[in-house]
Amino acid sequence: MADPNPFLPISQPLHPTYTSLPDVSHRRFSKKLLFGVFSALSLVLLFVALVIDQKGSEQTFPSRENENVASLSLPKETAKPETLRPISRGVSAGVSEKASLISSGSASSEEQYPWNNSMLSWQRTAFHFQPEKNWMNDPNGPLFYKGWYHFFYQYNPNAAVWGDIVWGHAVSRDLIHWLHLPLAMVANQWYDQNGVWTGSATILPDGNIIMLYTGSTNESVQVQNLAYPADANDPLLLEWTKYSGNPVLVPPPGIDIKDFRDPTTAWYTSEGKWRISIGSKVGKTGVALIYDTEDFINYNLKSEALHGVPGTGMWECVDFYPVSKKYQHGLDTSDNGPDVKHVVKASLDDDRHDYYAIGTYDELNSKWTPDNPDIDVGIGLRYDYGIFYASKTFYDHHKGRRVLWGWIGESDSELADVKKGWACLQAIPRTVSLDTKTGSNLLQWPVEEVENLRLRAREFKKVEVEPGSVVPLDLDAATQLDIVAVFELDKDALMKTAESTEEFSCKTSRGAAHRNALGPFGLLVLADDSLAEQTPVYFYINKGSNGTFKTFFCTDQSRSSAANDVNKQIYGNFVPVLEGEKFTLRILVDHSIIESFAQGGRTTITSRVYPTRAIYGSAKVFLFNNAIETNVTASLKIWQMNSAFIRPYPNIRFSMVIHFGVSMLLLMRTDFWYLSWLV
């Protein structure tokens, strides 16, 4: 029986060494003959690859051969799960450790939810980047080089929890389909013995790559180290050389030895020097230290920080980059001028959120000033109001855009991570630009390449949703979706609605059950038929005492799962909606992750949810309108999404054969999009 009051608050408390691809020369074959040869080779190589995979790979969970059938019963063995009492490792353990405790009250080990393999297997994403197994956190040194996008990341090759951190490495032609490569840098020197931590790449004018990264020494001192490709002609950058004189930077006087990390991409100054910033703190003031260098070996610390904000604590993963005041395209990190604003972003270690501010950069005095001090770094705008941390941007000179990577952690228990054998993933890369209409915030949007995964679509035009109603949407499947929705409210109702003095907050509200005249309204995703499990993504509108409207964008996880060992917060914040604009929304649903973008990306929310019922064929999507006084008209287009092709590094015995085979399979998988780089 369906819940007659699906939006009422829940009564019980929530608990939360080969250098490059084969050189295939151009030949004057006809396209049809070329296609036939490639297809035949691909089939043969696919067979070989499958045989090798079956012999050499380990399968932790059941395959998704039938995603419409899910065993939701408890395992036959009903003994209490093993006791695991994780201890928060603290800042001294390194950047971006997993927070193991559930914010709404951590369940004891005896009360952990009895997850079964079917549920845990479903949680693995289909088109978000993640390793085959184990733990991943911060993005590192992303860049585009000799036709390949390179992505490095913090990785524990030994377990599904934080620790033993090295750099994983993968390459792609389109930021969606990936080939895993061997580890890029490992902890094998005294200056990075306790971890190869976060770093950034700088591409010099001559094409050479400089990689600066934080190492945790044998005595847990945070130092900055220099590395560069062993072979600059290798487009895959398989091997890296660490500079023999490392470390190139140590904590300066007045900075704690464990508060000095995460160097930025360098930018070029008018004085002919390179400049970098490094995150730190002085007391409780978060700061972005700034250094000049001419050779990336010798550095000069500037007398004042680039910027700092009292009370914000340690600044991790600082980022600094320009945005155009006129255009939506990206800018090289060294660009400056009258039509340029600069963004300072910091990941706050105190609350594990990414904050940014827009301002003016005075290069000669090495200072940056926010446009609005009331929304300065750490006290104002965030990239994302859900789970999104330790982010890093890079300038993609291939397509003239600035691309943002962000680490998406887990919000379940560490015990569940250990059971499923992996933890954490990366958000879909996003383009970043200044919102030229408001001038006060950034716009974030999934890279265009993700749209190549779109399969069949369903359109729903002008659906009337009355106050207090829920409307099911007829979809074949609902666990891999790209949803674009537009909502319109009754204009007469807007005018007649009484003014209110309500002080609303997504986080402190009762979620989608919190009703007023004009909201909430939106979508229920990863919901089951009974609505016992649901994740509402919605707008909430206040009409203030002066007659103006203020819109909030929220995601309510309070009913996202029947499990008691997952986080069930309500996320969200204010989103600017300008006069004459409709309410627009885009949602990417990929099993256990939901990425939501309101008003073209002015406000974004990323959620990790762990349903127990709304999985496989039982996952549904609904429209809802829980407003009291107004109808809502919704128009939607919903695409089923294909899975990304993310392959492991080939077995070394067949490396050349399988490497070529993977290339061919990538070609087939993406409708021959890769033909240009194979011939």
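This is a predicted model: local features need pLDDT of at least 70, side-chain atom pairs count only at pLDDT 80 or more; totals for chains, interfaces and linings use all residues.
**Figure 1. A cis peptide bond joins Asn-246 and Pro-247.** Here the omega angle is about 0 degrees.

Figure 2. To find your way around, look for Pro-520 in the loop between H4 and S28.

**Figure 3. Cys-506 and Cys-554 form a disulfide.** A search of the whole structure turns up 1 disulfide, and this is the view of it. The two sulfur atoms are 2.0 Å apart. The torsion about the S-S bond of Cys-506 and Cys-554 is about -60 degrees, so the disulfide is left-handed. Cys-506 lies in the loop between helix H4 (491-496) and strand S28 (521-527), while Cys-554 lies in strand S30 (residues 549-556), so the pair ties together parts that are 48 residues apart in sequence. Both Cys-506 and Cys-554 are buried.

**Figure 4. Cys-317 and Cys-424 come into view next.** Cys-317 counts as buried because its relative accessibility is 1%, under the 20% limit for that class. Cys-424 is buried too, with a relative accessible area of 1%.

**Figure 5. Ser-220 has a positive phi although it is not a glycine.** The angle is about 60 degrees. For comparison, most residues other than glycine have a negative phi. Ser-220 lies in the loop between strand S6 (209-216) and strand S7 (222-229), and at 23% relative accessibility this serine counts as partly exposed.

**Figure 6. Ala-390, another residue that is not a glycine, has a positive phi of about 55 degrees.** You will find Ala-390 in strand S19 (residues 389-396). Is Ala-390 buried or exposed? Ala-390 is buried, with a relative accessible area of 0%.

**Figure 7. Glu-464, Glu-466, Asp-490 and Asp-492 form a negative surface patch.** Of these residues, Glu-464 has its place in strand S25 (residues 454-465). With 49% relative accessibility, Glu-464 counts as partly exposed.

**Figure 8. Pro-467 lies in the loop between S25 and strand S26 (469-473).** This proline is partly exposed, with a relative accessible area of 34%. Pro-467 and Leu-518 are 51 residues apart in sequence, and their C-alpha atoms are 9.2 Å apart in space.

How values were computed:
Residues are numbered from 1 along each chain as its sequence is written. Side-chain values use heavy atoms; hydrogens and water are left out. Patches are made of residues with over 30% relative accessible area and no salt bridge: like charges are joined within 9 Å, nonpolar side chains (Val, Leu, Ile, Met, Phe, Trp, Tyr) within 5 Å. Accessible areas come from the Shrake-Rupley method with a 1.4 Å probe; for residues, only the protein chains shown count as cover. A salt bridge is a side-chain nitrogen of Lys or Arg within 4 Å of a carboxyl oxygen of Asp or Glu. Lys and Arg count as positive and Asp and Glu as negative; His and the chain ends are not counted. The place of a charge is taken as NZ of Lys, CZ of Arg, CG of Asp or CD of Glu. Helices (H or I, at least four residues) and strands (E, at least two) are DSSP runs, numbered from the N terminus. Buried means under 20% relative accessible area, exposed over 50%, partly exposed in between (1.4 Å probe, protein chains only). A disulfide is a pair of cysteine sulfur atoms within 2.5 Å.
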